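Please consult the sequence and the structure shown below.

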Amino acid sequence: MKIRTAAIGDLPALADVHARAFAQGWTAASLRDLLSGPGVSAHVAEDEEICGFILTRAAADEAEIITIAVGPDHRQQGLASKLLEQASAHMDRLGAARMFLEVAAQNLPARKLYEKYGFREVGRRKAYYDDGDDALVLAAGLPLVVGNPGKTL
Ligand SMILES: CC(C)(COP(=O)(O)OP(=O)(O)OC[C@H]1O[C@@H](n2cnc3c(N)ncnc32)[C@H](O)[C@@H]1OP(=O)(O)O)[C@@H](O)C(=O)NCCC(=O)NCCS
């Protein structure tokens with residue numbers, strides 16, 4: 001399994017992974033529009049095919065995870081951890097000092113992933129999602145370190 005920067009030809013595969021990971025999948029066209037935005041990067045996890053990806057955005061000294069998804073057949077094998085590590089190292093090199101994201105309060109697998117890297121809750125948007133779930137705003141200091149809660153903000 002290797003992690004690499006995404007190319008434009010990967011967009012249909014990214015849309016496919018996203019559709020299998022979220023109730024409302026993003027099209028290849030909407031992913032292309034996102035990727036063309038300032039400071040946006042994409043990394044993919046690839047074996048014989050693309051199994052997962054992460055989209056991040058850097059703006060001045062802050063970074064944001066736009067989305068991260070791993071296909072159902074490839075979960076709990078450390079892929080999201082590898083993607084997060086590579087993407088956050090890239091954001092760190094671009095000069096970001098902190099990383100932010102939003103996660104549904106009931107999304108326990110994702111919360112476990114972020115907890116592993118010391119993300120802490122810095123805000124909560126009540127009933128933010130269509131199903132009524134809250135969005136938690138999480139943040140961590142860069143570079144990310146496994147089990148190092150001390151670097152947050
Ligand atoms: C969240 C998601 C990206 C995690 O991907 P993954 O490749 O399975 O994650 P990893 O294997 O790197 O696991 C990271 C940590 O979270 C834990 N974890 C992952 N899935 C878990 C689950 N279902 N239950 C409990 N813990 C879980 C792992 O045990 C691991 O901790 P460890 O290294 O201490 O054992 C994946 O479940 C996914 O694509 N979900 C749908 C899309 C989504 O919710 N994205 C996040 C939006 S904010």
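Which strand and helices each supply at least two residues of the shell around the ligand? They are strand E4 (62–70), helix H3 (79–93) and helix H4 (108–116); helices (H or I, at least four residues) and strands (E, at least two) are DSSP runs, numbered from the N terminus. The model is predicted, with local features needing pLDDT of at least 70 and side-chain atom pairs counting only at pLDDT 80 or more, while totals for chains, interfaces and linings use all residues. Residues are numbered from 1 along each chain as its sequence is written.

**Ligand shell**
- The ligand is surrounded by 20 residues, the closest being Arg-75, Ala-80, Ser-81, Pro-109 and Lys-112 (C-beta atom, placed from the backbone, within 6 Å).
- H4 provides the largest share of this shell, 6 residues.

**Packing of H1 and H2**
- Helix H1 (residues 11–21) packs against helix H2 (residues 28–35) at an angle of about 110°, and their axes are 8 Å apart (lines fitted to C-alpha atoms over the stretch in contact, with angles from 0 to 180 degrees between N-to-C directions).
- Leu-11, Pro-12, Leu-14 and Ala-15 of H1 make the contact with Ala-28, Leu-31 and Arg-32 of H2 (C-beta atoms, placed from the backbone, within 7 Å).

**Arg-4**
- Arg-4 lies in strand E1 (residues 2–5).
- Leaving aside residues up to four places away in sequence, Arg-4 touches His-43, Val-44 and Glu-46.
- The C-alpha atoms of Arg-4 and His-43 are 5.5 Å apart, although the two are 39 residues apart in sequence.

Terms used
Two residues are in contact if their C-beta atoms, placed from the backbone, lie within 7 Å.
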